[in-house]
Every structure is written in structure tokens, then in C-alpha cells.
Amino acid sequence: MVIDLHAHTSRSDGTDSPAELMAAAAAAGLDAVAITDHDTTAGWAEAAAAVSPGMRLVPGAELSCKSPDGVGGHVTVHLLAYLFDPESPALKAEQSRLRAERRDRLRRMAERMAADGFPVDADDVMGRLPADSPGGRPHLARALIRAGVVRTVDEAFAKYLATGSSYHMPRTDTPVETAIDMIADAGGVTVLAHPFARSRGPIVTAEVIADLADRGLSGVEVDHPDHDEPTRARLRALAADLSLVVTGSSDYHGTNKVVRLGQETTAPEMLDALVDKASGSQVVIG
């Protein structure tokens with residue numbers, strides 16, 4: 001089986017609709033794919049309705065969290081959550097808060113760029129978002145592309161939108177311990193996404209991952225485009241020591257990134273291990 005457990009749609013910061021994601025996954029020869037939009041489950045139903053015969057859809061989401069970094073500070077980490085109950089009251093409330101904050105942040109960033117003379121209209125940026133979309137920097141990057149300021153999303157981030165740039169604004173993320181607890185209470189399982197991807201910014205130590213495993217973390221994303229081979233080997237050994245599930249995923253965003261679906265994959269027995277631990281929702285089989 002060819003399994004990719006990290007993909008985004010236009011319901012967050014990807015460019016494919018949920019149905020288009022499922023069609024792309026089938027065309028790429030995948031046997032299973034997870035929909036993991038940021039802080040929303042709004043694409044689950046459309047994706048489930050578009051599952052090809054014999055294919056599997058793993059419902060999920062990606063949560064932005066605040067975590068101790070292991071050296072006295074805090075960093076942002078991304079938590080992949082799978083097979084949880086989307087109607088969990090606590091989880092719905094937190095996702096709603098996060099989406100609202102993301103949308104407010106996006107508007108303020110667009111307004112700041114417009115005030116500095118960039119040909120960006122905040123109302124237009126926000127008006128292009130689906131109702132349940134959290135909104136994010138890629139949406140502002142696409143506006144800069146439409147205006148002819150940059151040619152690619154990567155160029156927009158490199159020049160204007162990266163963390164620490166003059167147009168970047170912070171957000172209030174969920175404490176990672178709280179997120180793990182919420183997903184567990186909703187019958188789901190959690191996997192720490194690209195935990196050692198230094199190209200994305202500061203990372204956590206191995207000791208932090210061990211603490212999160214004690215808290216209930218189920219796995220770590222080892223095979224990811226932002227992990228080189230030595231990093232993968234180190235993470236794989238750590239996962240073995242901590243009895244964590246090892247996953248591999250493309251982190252697909254459609255045309256917002258150059259990665260392709262199925263570029264990194266998860267072993268079938270690892271998906272089985274996650275499914276065995278979950279009770280909040282089910283894999284959808286076409």
C-alpha cells in the first residue's frame with residue numbers, strides 16, 4: 001500500500017478542493033491519504049464523498065501548538081491529529097478560536113502591507129476564503145502573486161512573510177499538552193509533524209518528544225521533505241526507544257508547494273497501529 005498521511009486542501013492553505021485532493025491521490029497511485037487541514041474539519045465530508053473505489057481516506061487535522069523547546073524557551077510545533085470525533089465540544093471550541101485568530105491575523109498582515117504601498121486589498125484576500133477556512137500566509141502570498149509582486153509562494157515567504165519578517169504577526173497557539181489531551185478525549189491519536197525540520201525554525205529536543213510521549217503522543221513524522229537522511233535516522237531511533245508510531249508524509253499543499261502526493265509514505269502497519277488506537281471516527285473506504 002502507498003500511504004500519505006499529511007495533505008492540505010483549499011479548506012486551509014492548500015489549492016486543491018477536498019474532492020480534487022482525492023482525485024489527485026488516486027491519480028498518484030495512493031491507496032490511502034489523510035486530509036489534515038489546519039484547525040478545521042470542514043473538508044471531511046466532501047473528501048469522503050469523493051473517495052475512489054478501494055481507496056482509504058483518513059480524516060484528520062493539523063493543529064498549531066506552543067511547546068517547551070527543551071532549553072528553557074517555547075517554540076511552535078505542529079500536531080497531526082487523526083480519527084477524532086469532530087463534534088467534541090472542547091475541540092470544536094478551540095478550533096473555532098484558532099480559525100478566528102488566523103483570519104484576524106491574515107487581515108492585519110494584508111492591511112499592513114497595503115499601508116506600505118503593496119497592491120494588496122485585505123477585503124479581497126478575505127473574500128476569497130471559504131467560510132470555514134482558517135486563512136494563512138499562503139493566501140496572502142497568492143495575493144502577491146496575482147498582483148505581480150512575486151512569482152511563487154516560496155518567493156513571497158522568503159521576501160516578505162517568513163517568521164521574523166516585518167509583516168509577520170504572531171498568534172496564540174494551543175499548548176501542545178492541551179492539544180494532545182483534547183484529541184485523546186475525542187477518541188483520536190496524535191503525531192508530531194516534522195519535529196526536527198530546522199529549516200522551518202527552532203525545534204524541540206528529543207527530551208521534549210519523550211515528555212510528549214508520556215503525555216499520550218502516539219507517533220512522530222519521520223519521513224518528511226524537510227528532514228534529511230541523518231535527521232530521519234535519528235528520529236527513527238528515538239521513535240523506537242519511545243515505542244512511537246513512525247509516519248511518512250508529503251505535506252502536500254497543491255500548487256502552493258513543489259512537493260507531490262506520495263513523495264513520502266507511511267508503512268501499512270504504522271497506519272494500522274494508529275487506527276487500532278483511535279475510536280473517535282473511522283477510516284473511510286471507497
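Author: A salt bridge here is a side-chain nitrogen of Lys or Arg within 4 Å of a carboxyl oxygen of Asp or Glu. The model is predicted: local features need pLDDT of at least 70, side-chain atom pairs count only at pLDDT 80 or more, and totals for chains, interfaces and linings use all residues. Residues are numbered from 1 along each chain as its sequence is written, and side-chain values use heavy atoms, with hydrogens and water left out.

Reader: Thanks! How many salt bridges does the count come to by this rule?

Author: Side chains of opposite charge can pair when their charged atoms come close. Applying the rule to this model, the number of salt bridges comes to 20.

Reader: How far apart are the closest N and O atoms of Arg 11 and Glu 46?

Author: Helices (H or I, at least four residues) and strands (E, at least two) are DSSP runs, numbered from the N terminus. Arg 11 sits in the loop between strand E1 (3–4) and helix H1 (18–27), whereas Glu 46 belongs to helix H2 (residues 44–49), 35 residues apart. Between the two, the closest N and O atoms are separated by 3.8 Å.

Reader: Are Arg 102 and Asp 39 buried or exposed?

Author: Their side chains meet in a salt bridge at 2.7 Å, N to O. This pair links distant parts of the chain, with Arg 102 in helix H3 and Asp 39 in the loop between strand E2 (32–35) and H2, 63 residues apart. By relative accessible area (buried under 20%, exposed over 50%, partly exposed in between, with a 1.4 Å probe and protein chains only), both Arg 102 and Asp 39 are buried.

Reader: And Asp 123, what does it count as at 53% relative accessibility?

Author: Asp 123 forms a salt bridge with Arg 107, with closest N and O atoms 3.0 Å apart. The pair joins helix H4, which holds Asp 123, to helix H3, which holds Arg 107. Arg 107 is partly exposed because its relative accessibility is 27%. At 53%, Asp 123 counts as exposed.

Reader: At what angle do helix H5 and helix H6 pack?

Author: Axes are lines fitted to C-alpha atoms, for helices over the stretch in contact, and angles run from 0 to 180 degrees between N-to-C directions. Under 35 degrees counts as roughly parallel, over 145 as roughly antiparallel, 65 to 115 as roughly perpendicular and the rest as oblique. The axes of H5 (residues 137–146) and H6 (residues 153–161) lie 9 Å apart, at an angle of about 100°. H5 is therefore, relative to H6, roughly perpendicular.

Reader: What do the buried residues of H5 pack against?

Author: H5 is largely enclosed by the rest of the structure, because 7 of its 10 residues are buried. Among them are Arg 137, His 139 and Leu 144. With contact meaning heavy atoms within 4.5 Å, the buried residues of H5 pack against H3, helix H4 (122–127) and H6.

Reader: What is the phi of Leu 83?

Author: Most residues other than glycine have a negative phi, and most peptide bonds are trans. Leu 83 lies in the loop between strand E4 (74–82) and helix H3 (89–115), and it counts as buried because its relative accessibility is 1%. Although Leu 83 is not a glycine, its phi is positive, at about 60°.
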